[in-house]
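Please look over the structure shown here before reading the report. Each section takes up one topic.

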Amino acid sequence: MDKGKEQGNGQPGELKRKLGLGAVVSLGVGTVIGSGIFSSVGEVAAASGCAAITILAFIIGGIIMIPQNMVAAEITAACPDDGGFYVWFREAGSRPLAFLCGWTTFWGGDPPSYSIMALALADYIAFFIPGIAGIGIKLLATALIVVVFMAINMRSVEVGGRFLTFMTSFKMLLFALLIGVGLFSMNKTMISAPAVEGAATGFKALLAGVSATTWSYAGMATACSMAGEVKDPEKTIPKALIITVFVIIAIYTSLAAAVTGLLPMKQLVSSSAPVAEAAAQIPVIGSAAGVITAFIAIVVIIASLHGTIMCQPRIEYAMAKDGLFFRKFAEIHPKWETPANSIMYSCAVSIILVFAADIGALMGFFSFVALCKNALSFATMFSLHKKPGYDPSWKCPSWLLMTILSVGANVILLVSTFLWAPYKSLFSAFVVVATGLPAYYFWEGKNKKEGRAA
């Protein structure tokens, strides 16, 4: 574990510890609450069948994430290094799995997610600028990735952290205002209305609703990828992860209550823009609902996109430091003290993907592999607890139970994803292994030739 604790100690060529509690909470909240919540309320409602179960599903879906955040907090306290899940596998003693985790994240997750968010942001901006469409949207998305977010994150982690904290705070204020006005204007009888005709009821409906909330809560441990740049990470990361989960549960549950109290369930389950349609039911601001929703969406996506570009390139940086990725990714900018190359090259890949046909479909292929990665990542807790000298400064209460719950939640989703899309799941697993293992042995071969210790 010593390797991780040395990072950020101010030595030349190392990233410095510059991020405090506020920035780390903003990373979690800012990246998790993205544009998806504008449609996921309707998806959860469709699975739940009635308003009361929809609200309860968001509460339980959030509670399920608490064990995962606690396990992530302990592992990060023990391994406070940049790299997140990659570092967990490495410290648990499996370099091949660590590499495959990072390999999958880079090619199947991070740059594609930048592209999707940038395109969504460009679409919402185009709402205010008539005439922008087609190639114009793609060029605007490219400009947002390169000129704005890449530049901010390359130049300074402190400025990036302050910008993210501001945007996340502004986002929370807008949500608070929307939720507050929505709850005041809602029809409370809708909350107790019976399920829509033909929908599941009882425990079956609740289980379906909770399952539908999963992707809304995904990504809360994102800040762990930057543990090497967090001040006093052994204390800050656990506090931040616990605060993050409760803030997000409060926002999602309140928003679900407001939306289900403003829109009849029949309309809600068939809506592609439930938050906008719910806002349209609010007196006075109803006529401006489209503009208000588009503006909130822009703020929400800016925080999410910025936070993702800030965090995720740290995984490739950590891999490259260990000799398991392109060396340029491991370089620290001498003036800016950021992994500038890792950020720049990750964004370059995402720009290429902006012009791809269907990035969403591409990411869908890797849902199964992402869930495998999540389940195995939390399972590293079992290996770490067997290591001599393992004594993290923050320990997860009832760690064995919390780890079983964390792994179990992801295994349930894993099975359900496989049953829903078996061919996509098998294809993605084959692609990861068929491309990842040769790449891993290539870099390990180079390390041996150059006398680099594994």
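## Basis of the model

This is a predicted model, in which local features need pLDDT of at least 70 and side-chain atom pairs count only at pLDDT 80 or more, while totals for chains, interfaces and linings use all residues. Residues are numbered from 1 along each chain as its sequence is written, and side-chain values use heavy atoms, with hydrogens and water left out.

## Cysteines

A disulfide is a covalent bond between the sulfur atoms of two cysteines. Here the term means a pair of cysteine sulfur atoms within 2.5 Å. The structure has zero disulfides.

For Cys396, the closest cysteine sulfur belongs to Cys224 and lies 13 Å away, which is too far for a bond. Cys396 is buried, at 6% relative accessible area; buried means under 20%, exposed over 50%, and partly exposed in between, with a 1.4 Å probe and protein chains only. Cys50 is also buried, with a value of 10%.

## Aromatic rings

A pair of aromatic rings is described by the distance of the centres and the angle of the planes. Rings of Phe, Tyr and Trp (its six-membered ring) pair if their centres lie within 6.5 Å; planes under 30 degrees apart count as stacked, over 60 as edge-to-face, and the rest as tilted. The whole structure contains 26 aromatic pairs. One of them joins Phe99 and Tyr440, a tilted pair with 5.8 Å between centres and 50° between planes. This pair links distant parts of the chain, since Phe99 sits in helix H6 (residues 95-108) and Tyr440 in helix H20 (residues 422-449), 341 residues apart. Helices are DSSP runs of H or I with at least four residues, numbered from the N terminus. Phe99 is buried at 0% relative accessible area, and Tyr440 is buried at 7%.

Trp103 and Trp107 form an edge-to-face pair, 5.9 Å centre to centre with 65° between the planes. These two residues are four apart in helix H6, so about one helical turn separates them. Trp103 is buried at 12% relative accessibility, whereas Trp107 is partly exposed at 40%. Ring pairs join both pairs into a cluster, whose other members include Phe106, Phe325, Tyr345 and Trp443.

## Positive phi angles

Most residues other than glycine have a negative phi. Asp232 has a positive phi of about 45°. Asp232 lies in the loop between helix H10 (202-217) and helix H11 (233-262), and is partly exposed at 41%.

Glu337 has a positive phi near 55°. The loop between helix H15 (313-321) and helix H16 (340-354) holds Glu337, which is partly exposed at 24%.
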